[in-house]
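Let's take a walk through this structure together, one region at a time.

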Amino acid sequence: MDIIFVASESTPFIKTGGLADIVQALGKNLAQNHHISVFLPLYRKIKYKWYDQLEHLGHFFTLHQYVGIEKLTDENVTYYFIDNELLFGREHPYGYADDGFRFGFFSRAVLDSIGFLNLSCDVLHLHDWHTGLIPFILKTYHMRDPRYQSIKTILTIHNLQFQGIFNLKLRYSLELLEHQDYVFDNCLNFLKAGIQCSHYITTVSPTYRNETFTAQFGCRLENILASRQEQYLGILNGIDYQLFNPMTDQTIHINYQPKLTKETLKAKLDNKKALLKELGLKHLNKKPLYVMITRITGQKGFDLLNTVLPSFLSEPINFVMLGSGEAYFSDFLHHLHRQYDNFFFYDGYNELLAQKLYASADFLVMPSAFEPCGLAQIIALRYGTIPIVHETGGLKDTIIPYNEYEKTGNGISFSGYYAENLAWALHYSQTLFKQQTHQQTLLTNAFSSDFSMETCTKKYLELYQLLID
Ligand code: ADP
């Protein structure tokens with residue numbers, strides 16, 4: 001099959017969250033048997049870092065703007081970058097007043113590039129709101145051209161909270177045909193257009209799919225999604241087990257097998273000691289290390305943490321927080337960092353530190369209010385770090401609560417999004433940690449959990465096949 005992905009981010013080029021990981025991992029896995037191309041904007045960071053490997057394929061104009069196409073091949077996947085210095089040559093991928101025009105332009109440029117390059121395409125797999133207008137533009141403009149007529153579109157929603165909502169007037173500069181498909185609440189809504197016009201919709205876990213039909217999780221699009229429920233599937237994300245492998249990970253202090261052995265336990269402890277020393281935290285013998293690696297935003301449970309952390313930090317534990325985001329929460333974390341000598345807050349994005357934390361920690365805390373899938377808890381399992389999660393979305397689909405009697409479960413979870421429930425889960429983890437047999441059973445179960453890309457890739461392939469037939 002000829003499959004084309006369109007996304008706003010993908011590792012190894014640019015990453016702000018789990019979307020980047022999954023685009024790369026899925027592309028790489030599919031590329032073993034199919035032709036995979038990925039379209040991305042040529043952000044400044046990519047241009048600078050990969051400059052000498054980019055091949056210029058040509059240029060044209062769309063919406064009165066320059067569209068350059070640069071190409072690079074990595075692990076059998078062909079990456080096409082849409083170049084426009086004015087729109088993408090900036091410090092960050094998102095967060096600008098003209099994001100609506102930037103990604104509307106990107107969407108049109110991608111569709112035009114498929115024709116310009118004469119690419120054959122069976123499935124156009126779109127990711128998140130940035131690409132939501134593509135099925136609409138395809139339907140209203142490109143379908144007249146026979147080269148586009150057999151293309152099937154899939155939109156994967158990685159987070160329904162981000163919809164790309166802009167002033168309706170944007171439709172003039174994007175030269176969109178007047179239509180209700182992209183209108184919601186009298187605004188231009190990219191994601192709504194994608195849900196309405198793509199052949200199929202997926203999201204990143206079965207539980208989150210069902211949650212999105214409710215007013216609580218549907219972010220006001222629940223009825224639109226319900227109207228398409230026959231063509232809407234939840235496919236659980238996985239991670240690249242070659243990339244996330246504690247045995248070969250070059251970024252951690254001491255490598256270890258992803259299974260429970262004496263050597264693994266010792267390596268994890270040595271990693272913990274090295275990390276704590278590096279961060280200037282005291283190593284407390286036989287005391288657990290808790291970590292969070294996250295965007296700092298309400299979604300990730302920070303309202304509960306604001307209540308729970310101060311008293312939890314008075315316990316004999318260490319806690320390292322790595323994240324960046326909303327000042328409302330991060331100001332408080334800075335305050336805790338000054339107040340408690342067992343708490344370290346790294347305010348920023350740091351992939352090297354993230355890997356060290358996965359390798360060193362005993363527990364990963366992830367009390368998300370909602371979580372479409374979540375990759376941090378899956379990476380944590382792979383590194384033998386026990387997730388403590390709120391039972392929602394993909395966290396519910398990946399973390400089975402520990403059962404002391406049956407010795408089942410790969411993590412600790414709480415239902416009911418309340419501070420006292422999180423406090424209970426944190427204290428319960430301390431109790432289990434003190435009892436070696438429980439801690440080791442949990443570790444065995446964590447290491448034997450399988451969220452590699454194979455199952456996920458198979459499900460997407462089945463869907464592609466269903467659409468093509
Ligand atoms: P989301 O996509 O909602 O941000 P996920 O759990 O699905 O959350 O994916 C987050 C990914 O980004 C994980 O790979 C995690 O390790 C990484 N990550 C998040 N915050 C940081 C950070 N501050 N520094 C480094 N990596 C981070």
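This is a predicted model: local features need pLDDT of at least 70, side-chain atom pairs count only at pLDDT 80 or more; totals for chains, interfaces and linings use all residues.

Start with the open sheet of six strands. Going across, the order is E15-E14-E13-E16-E17-E18, and the pairing is parallel. Strand E15 (343-347) and strand E18 (412-414) are the edge strands, each of them pairing on one side only. If you ignore direction, neighbouring strands in this sheet are turned against each other by 15° on average.

Now zoom in on one pair from that sheet. Strand E16 (residues 363-366) runs parallel to strand E17 (residues 386-390), and four bridges link the two. For a landmark, pick out phenylalanine 363, which has isoleucine 386 of E17 standing opposite. Over on another part of the sheet, look for helix H10 (residues 262-279). Helix H10 lies across strand E13 (289-296), strand E14 (318-325) and E15, and makes an angle of about 60° with E13.

Next comes the ligand. Which of the 21 residues around the ligand come nearest? They are Gly18, Arg295, Lys300, Gly348 and Tyr358. Glycine 348 has a backbone N or O atom 2.9 Å from a nitrogen atom of the ligand, and threonine 294 has one 3.5 Å from a ligand nitrogen atom. Alanine 376, in turn, places a backbone N or O atom 3.1 Å from an oxygen atom of the ligand. On its own the ligand has 570 Å² of accessible area, and the protein covers 92% of that.

Where does the shell around the ligand come from? The elements giving two or more residues to the shell are helix H1 (18-30), E13, E14, helix H13 (351-360) and helix H14 (376-382). By residue type, the shell divides into nine nonpolar, seven polar and five charged residues.

Now move to an open sheet of three strands, in the order E8-E10-E9, where the pairing is antiparallel. E8 and strand E10 (residues 187-189) pair over three bridges in the antiparallel sense. In one of these pairings, isoleucine 165 has asparagine 189 in E10 as its bridge partner. Helix H7 (residues 190-197) packs on this sheet and touches E8, E9 and E10, with its direction at about 55° to that of E10.

Finally, two spots where the backbone deserves a look. Most peptide bonds are trans, and most residues other than glycine have a negative phi. The peptide bond from threonine 11 to proline 12, however, is cis, with omega near 0°. Look for histidine 64 in the loop between strand E3 (55-62) and strand E4 (65-74).

Methods. Residues are numbered from 1 along each chain as its sequence is written. Side-chain values use heavy atoms; hydrogens and water are left out. Two strands pair if DSSP finds at least two bridges between them. Axes are lines fitted to C-alpha atoms, for helices over the stretch in contact, and angles run from 0 to 180 degrees between N-to-C directions. Contact means heavy atoms within 4.5 Å. A residue is near a molecule or strand if one of its heavy atoms lies within 4 Å of it. A polar contact is a pair of N or O atoms within 3.5 Å; within protein, one must be able to donate a hydrogen and the other to accept it, and residues adjacent in sequence count only if both atoms are side-chain atoms. Accessible areas come from the Shrake-Rupley method with a 1.4 Å probe; for residues, only the protein chains shown count as cover. Ala, Val, Leu, Ile, Met, Phe, Trp, Tyr, Cys and Pro count as nonpolar, Asp, Glu, Lys and Arg as charged, and the others, Gly among them, as polar.
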